Structure formats: structure tokens, C-alpha cells
Amino acid sequence: MDFKPTQFSDSSTSVSRDLESEPQTGVSSASDEKIALAPTQEWTTRPTKPRLIGLLPTAALLLMIFGLMALMFRALLGFQCEKTQKGLGILAALRIGFFATIEGEARNLDSRSHLWALTVSSLTNNLISNTSSIVMTLVAYRIGAEWLRLSDSRTGSNSAETPNPVQYGLLVRLIGSSSITSIGEACVYTARSWNRGRLPRIFRHSMWLAAAVWLLARLVGLADLWLHSESYSFRNYLEVPTTPSMLGVSFNQSICAAMESKYSDVQTPNSTVLSCQRPYESFAASEHWGIDVGLDVMTGSSDAAFGVEWPDTDMVMSTAVVIPNPRPAGAFDDLAFTIPTFGARASCTSINDLCEKDEKGAVINCTSAGYPELPYVVGGSRDASWKGRIKNRIFGVIGGRLLNKEWTDLNSTSFTENPTSLAVQLQWETPTQRAGTGDHVHSAGAGIEETEMAIDSFPLPTLYANCSLTFYDAFVKWIGDNRTLSLLNTTVASQELASALWLPVVRQHATEQVAANIMYTARRRSKVETMAELSRNIAKLSLGAAAGFYEPAEASKVEDLFSVMVAIYPVAPVITLLVLLSTYGLLVLTLFLSSCGLPDRSIILPPGADGYRGDELEPSMLTLAQRWLTNPLPLVGLSYPGGDGQDGARSAAYFAMNSAYDGNEGPARLAIGLSGERFGVTPWGQRRDDAEDAPEARKI
């Protein structure tokens, strides 16, 4: 590609114009009055000062290329999503492997994004694919300068470096269009000419440069396709800090103090750290907040001040947590916050098989399971019908003793450990509410044997289990955009707190709800499924039953959520596209800079020969050479002269469209087809004469 053009020799300062060597004119004698006599003076040349050849197209190309790169950087870096990209800037994108940009606000699930970087990429592909011809005009200046130098020397060694007619035709195709067809034809010609000797350097360089420009443009298109195939968008949200709200859950210490004052006449044999833990704890049932508030929460009432749910991150639903309630649809959808709260987790084990049974299979004693007081019968009398009078109970267990068997048997002034221990006995009626009369009690579900169930069938479906219940101080995060509740961390609650929170459940506030919730599972499913369901209900309802102890607490990290559409653009195709654009721009800049110092000469036209140029303009030989390499019109003008005396002036016309005769006379029109023994384009009159001579030819 690097030529070393030299200045034209002085012998080239005069160009003779041989009128007799011009081809036959296609203009009829009817237009002779329009023909001006051609000047007879010689055309001369003189050196010109170096100038910026191709400045405007080069500036336009560079502005387009680097402008598109700037637009791409603007689209990728100007609207980055720090949350998704884990930082800002190019380094953050390189670390994570993609650029994340905010494409617009997402008002609903049907929101769409524009993906501006893809728009810029598509624009780049379309513009670059249409600029190869402009780039090749810069190549044409270099090729034209070298060809002028070789032609001026007129030595035998240099003549071998000039193109022959076929090579010139291929050069015009290569430089003028740079299409895959023209490049393919040049490659085929090169392969066929391997034994003809060395091809001219200007031909070889033109072919490789045309191939390089075409390949770069196609690679830009492939990079654009790659970027489109790998990019995508999704709905996300941005957090903006806002004023903290009372959305958390804490223990209401004032309740205990109020109850201590209200029931001050009750003697307290023991003084404990938590004032709620006193003999007068019967307020758990005597006060509105002690039972009604808990019932609202356990039943999911709209009047409930709190709710109990499973975090979305807890796939097995092992830890229940208290959350603010009620939550109307969309109430917290525009917020994200972290709240302190309470959690509970239970693990239950069936003990039916560990208990002693009579000959009919009814449990009569659970001493071997560690609970000699089970089965518990109301009133303590075990007469003939006691086996059908077992009441649903969830007992607190301290030191092996069952607490709160009856209303008068509440003896919980001792703190429980945390985890707490519970003993459960549940019994369900038959559909006809009769026992021992042959009523259908239950049938195991499909694929489950009776021995795999957690209940005994006689005299009524009865379940015995022990449970370990742990209370926690917890922190959960709520993200309203996707309504996700995440459990951040848990800490085992203090012994005092656990002793207060388990009071409602051991006072049987949740017992009937537990029995109703697990009835179907216990009577139809396996022991494993029944114990898992019992564990979940014990954990959730124990927190719900204790709702009277809760009060709102301040949330932390409260943030307004703005739903946005985020686009992901992988780094690899983005960098590939930018590198290719940079390479293309550097190629254009290199061609331009190498063309700035090319030698050139101006043609001095004699008077009367400048009708196609401005009065003060002198044709540039380098510009004309570039035209002969990129445009077929000069060759057309030479092949079909107008014969009006201006053919010489047209050859140096300022505009390429003026390089050929533009007449309207009939003889100036061209025909295509057979003309004698040749197929081609001929003047209309010549075509007609050939047609008239054809019969004579056939007679010979």
C-alpha cells in the first residue's frame, strides 16, 4: 500500500491533443450548427502546491465513525444501573461481564425498552456498510498518483507495472464498488494469472485494500448481530432512601407494666425479669388484646394489626415471621425496607407408636414416650368412655410436667427454656360424631399404608406428638416491586421473651386452629407429611396467638422503589464492535494522511476549452486520474465522443457527469446488441446501418 510517488518530469509539461485519434462521432450532420470549433492550442501543465486531498469525505467519515463510538459510550456509560452492574464505569462492567443500563421507566409488566445501544449498533452497521466506496476514493488517489508517475516515466520497466485493459476494468470495479462480486472477480483473475508473471503493484494493492475494507464492514455487521443476539432487558427497580416508617415489630413492654398495675392486688411469690411473667398472667385471656388481637392475626382478618408469613427465601417454610398488616394490594409495592421482627421455628415428632396401647389399638399411656400424663382426659377421670373424651390440647412442658391442663392449672411462673417444649394431643370426630359404632373413620391416601400414618383410628382419629418450638429475634427485608420477603438473619430470643410469647399457645388460643388446619393431612397423608404440617402450624400460629404483645417498630433502610427497564449488553460483543470501528477509523485516517503529500499537476486549458469548468479553476490531473479509477463516465465519454468540439473540455470537466456527451439527437442515442461481428453498445445510427447491411451479408 505504500507507494513512493515522485514529481512528474519536466517533459510532461505539454500534452498534445491529437484530434485525428479520437473515435468516430455519433452525432449526425443535423447538429453541425451546434458544434464549436475545437481549439488548436496545446494543453500544458504546471506543478501545484500540496493540498489536503479528500478532506471533506474523510472528515465526514471520521466524524461519523468516532461520533458513533461516542454515542455508543454515551448509551452504555451515561445511564448505567449501579445496582445491577455492581458499580459504575467501564471497570465495573469488565468485572461483571456486561454493561447494565437504565432504558426507561417500567410502569407495568408490559413495559418495553428501547435498547438504545442496539439502536446505535444498528445505525453503525448500516452506515459503515455504505461507506466502503468513499474509503476507496482515498485509495484511488494513491493508485492514480502511482499510475501517473509510471505513465510519465515511459520506461520499459515501468510499463510492466501499468495495468492492461482487463486489469484496468477490474480496477474500476474494485475501487468504484468494492462489492464481494468485484473482489471475487479480481481474486479469480489473480488465480488464473499465476503463470503470467507478476501482476502490477497498483492492481494487487487495490485488490487487498478493497478486500480489507469490505471485510471490516462485514465484521462490523457480525459484531452488531452478536450484540443483538446476546443483549436483553428486564424489569428492575431502583431504591431511593426515604423517611423511616413504623413498619417493624417489637415487644410492647407497656402492656406488662399496665397489667402489673391493674392486677396489683394479686400476690406475687416470685419476681421475674419480665413483669408479664407473674401469677396474674391470666390477663392473656381476660384482656381484649390478650385473645382477640391474636385471633384476628391467626385467621387473617383484615382488622389484624400484624400478619405472619413465610419468607420467600424459605423454600421449606421452616421459619415463620411477623410482618406489618394489613397489606392491601399494592400498599407496599413502591417500598423496600428492613424491619426487626420475631420468628418461630418448630419441629414435631409423632409419639403414637411409642405409647402403650390396649388390645384394640387405643393409646392408654405414654410414659414410655416421656409423657406419663398423656393421654389427658378432661377432669382426670378415666371411666369406661374416657377414650372418646380426649380433648385437643397443646401443653407447655417444663421439667417433664404438662402445664395448663386446666384453667386453674396455669403454673408458668418458671421460665421456659428456648427452644421450648410442647406436647400435643389432638382428636377428631367421625363424620356422624359417634364413636365405636362402626362409623367410617378415615382411609389412608393413595400409596400410603395405615401403618405409615401419624394417627390411631380407634376409638377416634387421635394424634400424639412432641414439638420443639424456638422463638427468634429476626430481621427481614421487604422488596415491594416483586413482593419478596427475605429472611436476613435470626438470633435465638432470650428466655424471658420466649416465656412470654408461648403463653397464648399453651393457653390453648391456637389449639383448635391447629387441629382444623392439619385434619385433612393427618387423616389422609403419611406421618412425615403430617408432622411437617403440624410443625408449620405450631410455628405460625404461636406467633399469631401472641400478637397482643406486639407493637410497631421503626424500620431501617426504607427506600422508595422506582421500577425501570434495565438492558444488559455483554462486554465481549461491545468491545469487539468498538475495536472494529476504531480500526476502520484508523484505516481511513491513514489513507487520508498518506494522500496529503501526493504530487499533482494542474492542467492549463487554452481559451475556449474551459466551458465545463469555472473561470478560475484549473483541472487537477490527480483528481481526473481518481475519476478514471472510480467512475465509468470518463471512459464512456472517450468511447462515444459528441463531436461538438468540446470533447477535450469534457475530459477535464469539474463534475463527473459532464465527462460524457449529453446530447438529445437521435444519432447520439445508444443501442445494445449485435453490431456486425461484435456484441456491445453502439451509436444508434451505426446500429441502423448494420441492420441494413445484414441482408447483403446473408447473400454472400
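The dialogue below takes up confidence, surface, aromatic pairs and packing in turn.

Mentor: This is a predicted model, in which local features need a pLDDT of at least 70 and side-chain atom pairs count only at pLDDT 80 or more, while totals for chains, interfaces and linings use all residues. Residues are numbered from 1 along each chain as its sequence is written, and side-chain values use heavy atoms, with hydrogens and water left out.

Trainee: What is the average pLDDT of the chain, and where is confidence lowest and highest?

Mentor: pLDDT is the predictor's confidence in each residue, on a scale from 0 to 100. The chain averages 76, and 73% of the residues score at least 70. Confidence is lowest in strand β1 (residues 14-15), with a mean of 40, and highest in helix α16 (residues 527-545), at 93. Helices (H or I, at least four residues) and strands (E, at least two) are DSSP runs, numbered from the N terminus. Over residues 267-274 the pLDDT is below 50, although this stretch has 19 contacts in the model beyond near neighbours in sequence; a contact means heavy atoms within 4.5 Å. The pLDDT is also below 50 over residues 408-413, a stretch with 17 such contacts.

Trainee: Which residues make the nonpolar surface patch?

Mentor: Patches are made of residues with over 30% relative accessible area and no salt bridge; like charges are joined within 9 Å and nonpolar side chains (Val, Leu, Ile, Met, Phe, Trp, Tyr) within 5 Å. A salt bridge is a side-chain nitrogen of Lys or Arg within 4 Å of a carboxyl oxygen of Asp or Glu. Areas come from the Shrake-Rupley method with a 1.4 Å probe, and for residues only the protein chains shown count as cover. Here Phe 73, Ile 90, Leu 91, Leu 94, Ile 575 and Val 579 make a patch of about 530 Å². Helices α3 (90-96) and α17 (571-595) each supply at least two of its residues, and α3 gives the largest share, 3 residues.

Trainee: Is Leu 91 buried or exposed?

Mentor: Buried means under 20% relative accessible area, exposed over 50%, and partly exposed in between (1.4 Å probe, protein chains only). Leu 91 lies in helix α3 and has a relative accessible area of 60%, so it is exposed.

Trainee: How many aromatic pairs does the structure hold?

Mentor: A pair of aromatic rings is described by the distance of the centres and the angle of the planes. Rings of Phe, Tyr and Trp (its six-membered ring) pair if their centres lie within 6.5 Å; planes under 30 degrees apart count as stacked, over 60 as edge-to-face and the rest as tilted. The structure holds 6 such pairs. In one of them, Phe 251 and Phe 549 are stacked, at 5.3 Å centre to centre and 15 degrees between the planes. This pair links distant parts of the chain, 298 residues apart: Phe 251 in strand β5 (residues 248-251) and Phe 549 in the loop between α16 and β17 (550-553). Both Phe 251 and Phe 549 are buried.

Trainee: Why is the pair of Phe 306 and Tyr 550 edge-to-face?

Mentor: Their ring centres are 5.6 Å apart and their planes stand at 90 degrees, so the pair is edge-to-face. Phe 306 and Tyr 550 are both buried, and together with Phe 342 they form one aromatic cluster.

Trainee: Where is Val 514 found, and what is it in contact with?

Mentor: Val 514 is found in helix α15 (residues 511-524) and counts as buried, at 1% relative accessibility. Leaving aside neighbours within four places in sequence, Val 514 has contacts that include Ile 394, Leu 426 and Leu 534.
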